[in-house]
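Please open the model in your viewer and keep a selection panel at hand. The stops below each begin with something to select.

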Amino acid sequence: MATTWKERLAAHMPEDWAREIDIFETQIALRKQGKLDEKIFAESRLRRGTYGQRYDNGQRHDGEKTQTITFPCGDLTKGPETAFDAPGMLRIKIPFGGVTPEQMDVLADVSEEYSVGVLHVTTRQDFQMHYIHIDNTPDLMRRLAAVGITTREACGNAVRNVTACPYSGICTDESFDVTPYAKALMLFLLGHPDTQDFGRKFKPAFSGCAHHACGLTNMHDFGAIARVREVSGVKKRGFDVYVGGGLGAVPHDAKLLAEFLPEEELLPTAQAISRVFARLGEKKNRARARIKFLVAKLGIDEFKRLVAEERAVLPRDERWTEYLKHLHETDETPKRAAHSLNGATRPAGFNEWYKTNVYGQRQDGYAAVTVTLPLGDISAWQTRSLADIARKYSGDHVRTTVDQNLLLRWVSMADLIELYDDLAAIGLNAAGAGTIVDVTACPGTDSCKLGISSSRGLAAELSKRLREKGVMLNETLGDLHIKISGCFNSCGQHHVADLGFYGVNRNVKGRSVPHFQVILGGKWKENAGSYGLAVAAIPSKNIPELVDRVTTRYATDRTKGESFQDFIARIGKRALKDMFEGLSDVPEYEAGPEYYSDWGDPREYTHGDRGKGECAGEVVSLVDFNLADAEREVFEAQIYLDENKFAEADRMAFQAMLSAAKALVKTQFLDLTENPNHIVSEFRKRFYDTELFFDKYAKGKFADYLFVRHERGNGATDKGAVHRLIEEAQLFIEAAHQCQTRMQDVINAPA
């Protein structure tokens with residue numbers, strides 16, 4: 001009788017997947033014995049979806065209550081003794097978001113047995129589980145592989161999950177169903193030799209149309225938008241292919257590589273792009289290793305030439321076109337016959353839910369139903385129950401969405417009332433999908449090592465308040481999007497939200513105070529059509545008031561049919577600053593202690609190791625003064641950008657970085673001149689070469705922004721390049737703030 005999962009599932013796993021998991025299990029053993037270098041092992045585990053995470057000493061906070069949790073990975077209340085005792089996060093790839101009830105059952109089982117019984121849907125249609133011991137990951141992976149799910153290359157310097165519009169195949173506006181193409185690209189690139197030498201990750205996405213946001217192709221490394229063109233009287237399928245998009249700390253718009261790429265050229269072109277990226281992409285400086293930097297450096301015309309050159313010499317691969325013979329294998333068959341919604345009595349809440357969560361498919365009589373997941377979370381028992389509901393009403397047709405929700409497809413309209421009641425019974429009947437109350441948030445300080453402020457805590461608070469105000473169905477405000485990241489890295493996609501926020505820290509008289517940078521002007525539609533810019537850093541506890549002020553002003557002052565982006569552009573940055581009057585203020589600790597803790601966590605906020613003493617003397621005041629100059633200058637750069645004065649915007653953004661650098665240098669060298677060469681030289685010598693400017697995760701990444709702009713000399717006159725420089729300047733200033741905080745910690749540390 002089989003006694004291990006490996007033996008029991010041997011016949012149920014693809015042979016190559018099983019071999020990969022066996023190799024990983026061996027690598028774990030070798031690392032424990034000290035026979036495998038940590039750097040190599042780290043990339044190996046990342047390429048199998050296994051991340052390290054913040055663990056918070058095994059404590060969970062609920063209002064004023066603090067309780068110890070028993071984790072499957074062991075007792076965390078004393079802290080891990082070694083890296084192998086620390087809990088981790090496992091990311092699970094769900095290509096194009098497609099998941100079956102059988103797979104949901106297994107996901108529920110393993111989340112209970114190896115994690116804490118909660119699954120988290122990400123903004124790229126993956127699932128994540130937290131607090132997993134690395135020793136358990138091989139068996140966990142085997143159980144997933146047995147139902148067709150892999151974690152391979154879910155993380156690391158590899159091709160990440162291939163995402164696609166969750167409405168593919170049922171959308172009323174799509175050119176054609178992109179599902180089989182997304183699946184084919186995933187299978188083709190997974191473990192492909194030409195994708196194993198990237199300097200950083202590579203994220204592909206598909207969309208069936210150009211005007212909705214479901215695919216978000218503009219913000220991806222590789223984006224494909226479905227198009228149909230008539231060639232010699234015959235309709236032919238193809239794609240508009242974009243490359244070099246991305247969010248991260250500094251977002252880039254994707255550039256058009258091919259206006260109409262025939263479907264048979266999709267896979268070889270993706271392979272050629274991969275080879276160019278692997279050969280020419282940055283390897284040493286991770287901060288500039290994404291393909292967006294390579295495209296920006298070479299220019300799209302040169303990049304296009306190199307891809308065409310590479311494509312011309314690729315050896316023929318039968319897989320390039322073999323899948324085209326089987327496109328209909330991903331077609332879906334309804335579970336029930338189509339009937340219209342009848343006149344049955346509608347339960348309380350149904351009408352609101354119907355307006356926001358039900359989408360009429362292009363197939364008559366059927367609807368796609370969004371199951372709203374608060375903060376993207378669903379418990380194991382809810383997952384099992386939802387799997388049964390899916391079997392009953394929609395068959396195998398469930399997809400994850402980029403809004404961190406789940407979508408049930410092919411639901412007969414006649415079943416909607418019964419479905420609503422079944423969802424209500426498991427607490428998943430909340431209305432508001434895709435509206436302002438459906439706030440997106442990354443894990444933030446709950447579990448991410450990079451988290452600065454509590455994105456999930458703020459998201460929960462905003463959603464609660466907005467629901468209480470009843471703005472969900474408001475004609476003006478309901479369609480706005482709020483997205484929150486715990487740091488600058490944009491995992492919460494704050495750059496493309498109407499109202500976006502990312503976590504930062506500020507030091508107020510010796511104490512750390514959680515703040516959020518406010519991003520306005522992003523565009524969610526048109527596949528993430530444009531990016532917003534940071535306009536102010538506001539204490540976390542004042543963000544709900546800011547949202548109230550902005551939405552009230554928009555509802556009151558917008559012109560008929562005016563979008564939020566157009567409204568923000570019309571009133572201008574100065575009016576926004578006036579609107580935020582007083583919100584940047586932080587009261588003394590004794591007068592407002594709540595400002596010194598984060599949402600959802602009653603403890604006093606900390607940002608790394610810090611002292612609790614008061615600010616000390618004139619040097620700190622001088623730093624604050626110069627950093628304030630830097631923030632003013634980067635704001636003025638945004639105004640110049642809005643006025644299309646690109647040279648002035650570039651100059652002012654560079655000046656903002658110089659002011660921030662000067663602020664730090666003057667803590668050591670008061671005779672600094674205003675000469676940029678002198679400022680950069682002294683900053684490099686005193687803060688970069690000594691690594692005082694480096695933090696634990698970003699290292700010298702943000703200093704490079706200053707050096708690159710200084711070395712370039714002449715300012716940029718291209719709008720996109722200036723936009724990115726302003727983003728870089730903002731991040732450099734934030735890094736200067738954190739450097740100041742670390743220096744102050746040293747001053748305030750007990751003797």
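The model is predicted, and local features need pLDDT of at least 70, while side-chain atom pairs count only at pLDDT 80 or more and totals for chains, interfaces and linings use all residues. Residues are numbered from 1 along each chain as its sequence is written, and side-chain values use heavy atoms, with hydrogens and water left out.

Begin by selecting residues 300–313, which form helix α9; helices (H or I, at least four residues) and strands (E, at least two) are DSSP runs, numbered from the N terminus. Helix α9 has 14 residues and spans 20 Å between its first and last C-alpha, close to the 20 Å expected at 1.5 Å a residue, where the expected span is 1.5 Å times one less than the number of residues.

Next, show the side chains of Phe303, Leu306, Val307 and Glu310, the buried residues of α9; buried means under 20% relative accessible area, exposed over 50% and partly exposed in between, with a 1.4 Å probe and protein chains only. These residues lie on the same side of α9 because they cover an arc of only 100 degrees around the axis, the arc being that of the directions from the helix axis to the C-beta atoms. An α-helix has 3.6 residues a turn, so residues three or four places apart point the same way. Turn to the other side of α9 and you will find Asp301 and Ala312 exposed.

Now select residues 101–114 for helix α4, which has 14 residues and reaches 20 Å from its first C-alpha to its last. The buried residues of α4 include Pro101, Met104, Leu107, Val110 and Tyr114.

**Cavities**

How many cavities of 30 Å³ or more does a search of the whole structure find? The search finds four. On a 1 Å grid over the protein atoms alone, a cavity is a set of points where a 1.4 Å probe fits but cannot get out, a pocket is an open set with protein on both sides within 12 Å along at least five of seven lines, and lining residues have an atom within 4 Å of a point. Grid points are joined across faces, edges and corners, and a volume is the space filled by probe spheres set on the points.

For the largest cavity, of about 130 Å³, select Trp17, Glu20, Ile21, Arg48, Met141, Ala145, Ile149, Thr150, Thr151 and Arg152. Two or more lining residues come from each of α2 (15–32) and α5 (137–145), and α2 gives the most, with three.

The second largest cavity holds about 40 Å³, and its lining is Cys165, Cys171, Glu174, Ser207, Gly208, Cys209, His212 and Cys214.

**A pocket and a loop**

Move on to the second largest pocket, with a volume of about 870 Å³, by selecting Tyr167, Asp403, Ala433, Gly434 and His481, which lie nearest its centre among 31 lining residues. The elements giving two or more residues to this lining are α11 (350–357) and β13 (358–360), with α11 giving the most, three residues.

Finally, select glycine 34 in the loop between α2 and α3 (38–46). Glycine 34 is exposed, with a relative accessible area of 56%, and lies 44 Å from methionine 657, C-alpha to C-alpha, at a sequence separation of 623 residues.
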